[in-house]
Amino acid sequence: SEDMFALTEITIGNIDAEGVNGIITDLLSVDSSSATRGLAELCLRRTSGNVFFVLSFLRMLKESEFLEYNFGAMQWRWDVSRIESETVSTTNVVVLTQSKMNTLKQE
């Protein structure tokens with residue numbers, strides 16, 4: 001049965017600001033990377049470039065309405081200053097999970 005599966009180990013390191021910005025521009029369908037640079041730099045500071053944390057942090061921003069889609073303008077909107085002042089660094093999964101659990105308890 002061991003012969004049936006070929007396992008490959010892949011090590012993924014943290015990404016830099018350009019990588020974070022690439023994820024954001026792709027997810028938000030933004031044409032200009034300069035439009036998302038401030039958000040990308042903040043995400044990098046909050047997550048240390050860990051891809052899992054970047055995606056989780058962006059999900060949290062959406063769920064907390066820090067990141068909103070404006071249907072009139074047909075584009076995503078965010079306020080980097082507000083996000084900076086109202087969020088904490090998520091440098092480990094425990095903090096991120098606790099934050100999410102605290103939010104769920106309040107609902």
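Predicted model: local features only at pLDDT ≥ 70, side-chain atom pairs only at ≥ 80, totals over all residues.
Strand 1 (residues 67-70) and strand 2 (residues 75-78) run antiparallel and pair over 4 bridges.

**The hairpin**

Strand 1 and strand 2 make a hairpin, with 4 residues between them. In the turn sits Met-74, which has a positive phi of about 55°.

**The whole chain**

Now step back. The chain has 107 residues. Its secondary structure comes to 5 helices and 2 strands. Read from the N terminus, the order of elements is α-α-α-β-β-α-α.

How much of the chain is buried? Of its residues, 25% count as buried. The chain exposes about 7,600 Å². Carbon and sulfur atoms supply 52% of that area. Take the contacts between residues at least 6 apart in sequence: 54% of them join residues at least 24 apart.

**The core**

Nonpolar side chains in soluble globular proteins tend to be buried together. Here, the largest nonpolar core has 16 residues. Those with the most contacts inside the core are Ile-24, Leu-39, Cys-43, Leu-58, Leu-61 and Ile-83. Helix 1, helix 2 (33-47) and helix 3 (51-63) are the elements that give two or more residues to this core. Helix 3 gives the largest share, 5 residues.

Which residues does Cys-43 touch? Leaving out residues up to four places away in sequence, Cys-43 touches Val-20, Ile-24, Ser-48, Phe-57 and Leu-58.

Look next at helix 1. Its buried residues include Val-20 and Ile-24, along with Asn-21, Ile-23 and Thr-25. Helix 2 and helix 3 are among the parts that cover them.

Just after helix 1 comes Ser-29, with a positive phi of about 50°. Ser-29 lies in the loop between helix 1 and helix 2. Is Ser-29 buried or exposed? Ser-29 is exposed, because its relative accessible area is 64% and the cut-off for exposed is over 50%.

Glu-65 is another residue other than glycine with a positive phi, near 65°. Glu-65 lies in the loop between helix 3 and strand 1.

**Salt bridges**

How many salt bridges does the structure hold? There are 3.

| Pair | Distance (N to O) |
|---|---|
| Arg-45 and Glu-84 | 2.7 Å |
| Arg-46 and Glu-84 | 3.6 Å |
| Glu-86 and Arg-82 | 3.6 Å |

Start with the network. Arg-45, Arg-46 and Glu-84 are linked by salt bridges. The side chains of Arg-45 and Glu-84 meet in one of them. That pair links distant parts of the chain: Arg-45 is in helix 2, Glu-84 is in helix 4, and they are 39 residues apart. Arg-46 also forms a salt bridge with Glu-84. Arg-46 lies in helix 2 and Glu-84 in helix 4, so this pair ties together parts that are 38 residues apart in sequence.

Arg-45 counts as partly exposed, at 45% relative accessibility. Glu-84 is partly exposed too, with a relative accessible area of 31%. Arg-46 counts as buried because its relative accessibility is 8%, and buried means under 20%.

Glu-86 and Arg-82 both lie in helix 4, 4 residues apart, about one turn of the helix. An α-helix has 3.6 residues a turn, so residues three or four places apart point the same way.

**Arg-82 and its contacts**

Arg-82 is in helix 4 (residues 80-86). Arg-82 counts as partly exposed, at 33% relative accessibility. Not counting residues up to four places away in sequence, Arg-82 touches Ser-64, Glu-65 and Phe-66. The C-alpha atoms of Arg-82 and Phe-66 are separated by 7.8 Å, although these residues are 16 apart along the chain.

**A patch on the surface**

Where do nonpolar residues form a patch? Met-4, Phe-5 and Leu-7 form one on the surface, with about 470 Å² of accessible area together. Leu-7 sits in the segment before helix 1 (17-27). Leu-7 is exposed, because its relative accessible area is 82%, over the 50% cut-off.

Methods. Residues numbered from 1 in each chain as written. Heavy atoms only, no water. Patch = residues over 30% accessible without salt bridge, like charges linked within 9 Å, V, L, I, M, F, W, Y side chains within 5 Å. Areas by Shrake-Rupley, 256 points an atom, 1.4 Å probe, with all protein chains shown as cover. Salt bridge = Lys/Arg side-chain N within 4 Å of Asp/Glu carboxyl O. Buried < 20%, exposed > 50% of the residue type's maximum accessible area, 1.4 Å probe, protein only. Core = buried A, V, L, I, M, F, W, Y, C linked by side-chain atoms within 4.5 Å. Contact = heavy atoms within 4.5 Å. Pairing = 2+ DSSP bridges.
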